Amino acid sequence: MSQTELLLADPRSVFPTVRAIVRAYIDNDFFGLITYGAPGSGKTRHNIKLLAQVYGVWEDARDKNGNKISIIRPEGMNWDAWKEWMKHTPEDFISMIEYAHNKGRQQILGTLDDAGIAAANYSWQQELGRAINTYANVQRRDFACLDFTTPDPRWLLGHIRNMPGGHTAKVTRTTGNRYQRDRRKATIYQGWMAPDLKKSGVKGLWVDRFSIKLPERVEAEFEPVNRKYAELAIEEVKKAYLKMKEKGKEKKAKQFREEMEIKAGITIKTDEDKTG
């Protein structure tokens, strides 16, 4: 069975999360999403594939039982969507939401990659942070979904963690098989709270299964961008660490350094390390 035939026969080949986002768009609703996982888990690549599908060319089709479904063929995937709708710094993210707002109609999906690292190094505690914090309350008018990726959801601002329509996606490997090292799953959860506000928790909704592999052209275009912003993130984290040290917050600086290394895979190297 060809890939096109598989998509026609099995609507699950389109990520369930994509269907939820598109439904929110059709209903002028909002589907908030925080995608988290360990470094190298595939958070960003899951986002690239979400964008390729939601901004692709959809077609009406029939499933094997004759029911009407919407599908997207491999040639209909928009592999350039990440260039417009995925941002890597808070500044670029704000430019993107201003651009979307000026269009005067709701867009489907926008993403801020490594949002948690930006928040964890305290760059969001200034005016920029307050702007994003305020926007989190009114984002539905411009987007059907905003997705923030992070190694740890707790690193994000409270308004983003608790945004209306909020969901989380935990990205992990699906198997330890060395021949399937590219296989991943994103498990989508939704929070709940009891009417008396005394109990809360999360419930699993569905799973997106995917490969971290991208088409060759996309891989070649994305990797230099990914390296550029990874280097920028390392520099920003280093600045935040040194600022804590300068203020005499040794314990906080040590905790920050350890947390960045364990959860974000960022090793902070300073001149004192070379001489120590």
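Which handedness does the crossing of H2 and H3 have? The crossing is right-handed. Bear in mind that this is a predicted model.

**H2 against H3**

- Helix H2 covers residues 16–26 and helix H3 covers residues 43–54; their axes come within 10 Å and cross at roughly 50 degrees.
- H2 and H3 are therefore oblique to each other.
- On the H2 side, the contact is made by Thr 17, Val 18, Ile 21 and Val 22, while H3 brings in Leu 50, Gln 53 and Val 54.
- Sorted by class, the residues of this H2–H3 contact come out as five nonpolar, two polar and no charged.
- Buried residues in H2 are Thr 17, Val 18, Ala 20, Ile 21, Val 22 and Ala 24.
- Just after H2, look at the backbone of Asn 28, which takes a positive phi of about 55 degrees.

**H3 against H9**

- H3 also packs with helix H9 (residues 216–246), this time at an angle of about 130 degrees and with the axes 13 Å apart.
- That angle makes H3 oblique to H9.
- The handedness here is right-handed.
- H3 makes this contact through Thr 44, Arg 45 and Ile 48, and H9 through Val 218, Glu 219, Phe 222 and Glu 223.

**Aromatic pairs**

- Searching the whole structure turns up seven aromatic pairs.
- One of them joins Phe 15 and Phe 210: the ring centres are 6.1 Å apart and the planes sit at 70 degrees, so this pair is edge-to-face.
- That pair links distant parts of the chain, with Phe 15 in the loop between helix H1 (3–9) and H2, and Phe 210 in strand E9 (residues 200–211), 195 residues apart.
- Phe 93 and Phe 148 have ring centres 5.6 Å apart and planes at 55 degrees, so theirs is a tilted pair.
- Phe 93 lies in helix H5 (residues 90–103) and Phe 148 in strand E6 (residues 143–150), so the pair ties together parts of the chain that are 55 residues apart in sequence.
- Phe 93 is buried with a relative accessible area of 0%, and Phe 148 is buried at 2%.
- Elsewhere, Tyr 55, Trp 85, Tyr 99 and Phe 143 form one aromatic cluster.

- With a relative accessible area of 43%, Glu 261 is partly exposed; to count as exposed, a residue needs over 50%.
- Which residues does Glu 261 contact, leaving aside its neighbours within four places in sequence? Those are Ile 266 and Thr 267.
- Glu 261 and Pro 39 are 222 residues apart along the chain, and their C-alpha atoms are separated by 9.9 Å.

Notes: Residues are numbered from 1 along each chain as its sequence is written. This is a predicted model: local features need pLDDT of at least 70, side-chain atom pairs count only at pLDDT 80 or more; totals for chains, interfaces and linings use all residues. Side-chain values use heavy atoms; hydrogens and water are left out. Axes are lines fitted to C-alpha atoms, for helices over the stretch in contact, and angles run from 0 to 180 degrees between N-to-C directions. Helices (H or I, at least four residues) and strands (E, at least two) are DSSP runs, numbered from the N terminus. Angles under 35 degrees count as roughly parallel, over 145 as roughly antiparallel, 65 to 115 as roughly perpendicular and the rest as oblique. A crossing is left-handed if the near helix is turned anticlockwise from the far one by less than a right angle, and right-handed if clockwise. Contact means heavy atoms within 4.5 Å. Ala, Val, Leu, Ile, Met, Phe, Trp, Tyr, Cys and Pro count as nonpolar, Asp, Glu, Lys and Arg as charged, and the others, Gly among them, as polar. Buried means under 20% relative accessible area, exposed over 50%, partly exposed in between (1.4 Å probe, protein chains only). Rings of Phe, Tyr and Trp (its six-membered ring) pair if their centres lie within 6.5 Å; planes under 30 degrees apart count as stacked, over 60 as edge-to-face and the rest as tilted.
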